[in-house]
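Look at the fold below.

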Amino acid sequence: YLGYSSPWRELKDLAFDRDQFKALLPDERDSFLSSTMWGGSAWEQSLHMVASELLFATGIRVSELCALTIGQLSPELDKFSNVRCKGARVRDVYLPSAVRPALTAYVIDRDSKLVAWPKFRQIPVDRLSALPLLLSFYRAEPARPETFRFWPRTIQRWFERTAKIAGVKHTSPHMARHTRAFDLYDATKDI
């Protein structure tokens, strides 16, 4: 024995403050999520709802959310496989059961919106699974699935507008990631 002791043994009950790491309180998060149903059409409302739910429920980064494809979603709607992360790493993102109803409704809306798109028949069948989960038809080209993606800045703008509607100040999509981390810490008290 060389006298080494694990630094983890030295840690006592850690105290974290949500303000220190800029995370939303549970009532702020709930207020935010209940304010996501803005926008002109039911399609836009569903899009805002599922994007917000995924950010808060999984802690996924905005860039990762924008890059998700429908082919990465498992048939059971319980995870996204092979999500490309920061640093070119790949991981699976598991979905809590609470987010699945909103995701199911969105996927149904998404598919009907896609089929109704005038250029739908021009999309090669083998490329359908490469289309993004969050679809934008603005400047979309049928042969190039990446042109259907939302930019992270668009999601940030949605987030800012929803926060204003909800009366939540000083928030960003990354704070949804911090909020998820604090929710996990509050539930487990484990880092």
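## Ground rules

The model is predicted: local features need pLDDT of at least 70, side-chain atom pairs count only at pLDDT 80 or more, and totals for chains, interfaces and linings use all residues. Residues are numbered from 1 along each chain as its sequence is written, and side-chain values use heavy atoms, with hydrogens and water left out.

## The core

A nonpolar core is a set of buried Ala, Val, Leu, Ile, Met, Phe, Trp, Tyr and Cys residues joined through side-chain atoms within 4.5 Å. Buried means under 20% relative accessible area (1.4 Å probe, protein chains only). The largest such core has 48 residues. Leu 65, Phe 80, Leu 133, Leu 134 and Ile 155 have the most contacts inside it. H3 gives the largest share of this core, eight residues. Helices are DSSP runs (H or I, at least four residues), as are strands (E, at least two), numbered from the N terminus.

Leu 65 touches residues (heavy atoms within 4.5 Å) including Ala 51, Leu 134 and Ile 155, not counting residues up to four places away in sequence.

## A loop residue

Thr 69 is found in the loop between H4 and S1. Is Thr 69 buried or exposed? Thr 69 is buried, because its relative accessible area is 13%. Among the residues it touches, not counting those up to four places away in sequence, are Ser 129, Pro 132 and Arg 149.

## The cavity

A cavity is a set of points on a 1 Å grid over the protein atoms alone, where a 1.4 Å probe fits but cannot get out; lining residues have an atom within 4 Å of a point. The structure holds one cavity of 30 Å³ or more. The largest cavity has a volume of about 50 Å³, the space filled by probe spheres set on the points, which are joined across faces, edges and corners.

His 48, Trp 158 and Phe 159 are among the residues that line the largest cavity. H3 and H6 each supply at least two residues of this lining.

Methods: Buried < 20%, exposed > 50% of the residue type's maximum accessible area, 1.4 Å probe, protein only. 1 Å grid on protein atoms, 1.4 Å probe; cavity = no way out; pocket = protein on both sides within 12 Å on 5 of 7 lines; lining within 4 Å.
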